[in-house]
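Dear colleague,

Please find below the sequence and structure that I am handing over to you. A short account of what was found follows them.

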Amino acid sequence: MADSPARIEIRNVNRDYQIKRNASGEEQIFSALQNVSLTVNKGEFLTIVGPSGCGKSTLLDLIAGLALPTSGELFIDGKKITKPALDRGIVMQGYALFPWRTVRHNVEFGLEVKGVPKKDRQEISDRFLKLVNLSGFADRYPYELSGGMKQRVAIARALAYDPEVLLMDEPFAAVDAQTRETLQDELLRIWEETRKTIIFVTHSIDEAVALADRVAVMSANPGSVKEVVKVGLPRPRRVGDVLSTTDFRLVRYRIWELLQSQEEQLPPVEETPRAAQDIHLEEQISASAVL
Ligand SMILES: Nc1ncnc2c1ncn2[C@@H]1O[C@H](COP(=O)(O)OP(=O)(O)OP(=O)(O)O)[C@@H](O)[C@H]1O
């Protein structure tokens, strides 16, 4: 497996939950994920989109080792995933910073767990705070930061202990549109510098396409991977530069079509100023017709 390009391998995974359905508390089985198979290559940026409840977070939890599949197997570098470990860093929507720790001590948390000596920890946290443009904020506490800054601390913290894989669950959902685009560009720059494998869940088709090498489109009832769409936009990339390109619109339209054919539909145009201004369905359709 050492020479294999696969970093994460998901094989025939099913995940059931026991739920209470009626007043008598009788338990029933709910299938959240059914027969999911997916390979994510080393250094790849994979995004996952799908309707609410299709199992995106459940899949991320399984890769993180926070939950186990009911059947099937998941591997990282050929080793079976059975629990969380420092080879996988997690960045969630709600930042999950420790409020009692300064920015620096948040970033150093995983390094402390790893037993890295204090002097080395400081060097590493300096490096990652610089990477996320927060060098001047090392001694602040989370409550003294904006949402975008907190998210950057969370990214620095996840990267600092050098995981092979970064798992990101709607990390930019809680910030305004402008900050979101800044964070997307920073993440692209960090990814280009570090070449981590990134698995990124989002509700935004624009975000999914702008960031990814490939987009896994999931469907619900039961949760499964419907199709994996290759993006193929040039790298290095800046989000603002790709959103108005024909190639971007074609991939976006393909994903929108895949989601549209599902029961729970997403709106054709996202309510961000740029999307409203740049992405029109007619344009996408005529662009498809041209090729
Ligand atoms: N602990 C649990 N017990 C029972 N059902 C659960 C549990 N966790 C998740 N589910 C169900 O599993 C399905 C998948 O949930 P999950 O959170 O993975 O979806 P999602 O695609 O991430 O949704 P969203 O986009 O809304 O965040 C949902 O129908 C949810 O109700």
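Why does Asn-12 count as exposed? Asn-12 has 12 C-beta neighbours inside 10 Å, and a residue is exposed if that number is 12 or fewer. Please note that this is a predicted model. Asn-12 lies in strand 1, and its phi is near 45°, a positive value in a residue other than glycine. Arg-195 also has a positive phi, near 55°. Arg-195 is placed in the loop between helix 6 (177-194) and strand 8 (197-201), and it is exposed, with 12 other C-beta atoms within 10 Å.

Two cis peptide bonds may be of interest to you. One joins Asn-221 and Pro-222, with omega about -5°; Pro-222 is found in the loop between strand 9 (214-219) and strand 10 (224-230). Another joins Arg-235 and Pro-236, with omega about -10°, and Pro-236 sits in the loop between strand 10 and helix 8 (239-242). Most peptide bonds are trans, and most residues other than glycine have a negative phi.

Leaving aside residues up to four places away in sequence, Val-215 touches several residues, including Thr-47, Val-49 and Ile-255.

With kind regards

Key: Residues are numbered from 1 along each chain as its sequence is written. This is a predicted model: local features need pLDDT of at least 70, side-chain atom pairs count only at pLDDT 80 or more; totals for chains, interfaces and linings use all residues. Two residues are in contact if their C-beta atoms, placed from the backbone, lie within 7 Å. Helices (H or I, at least four residues) and strands (E, at least two) are DSSP runs, numbered from the N terminus. A residue is buried if 20 or more other C-beta atoms lie within 10 Å of its own, exposed if 12 or fewer, and partly exposed in between; C-beta atoms are placed from the backbone.
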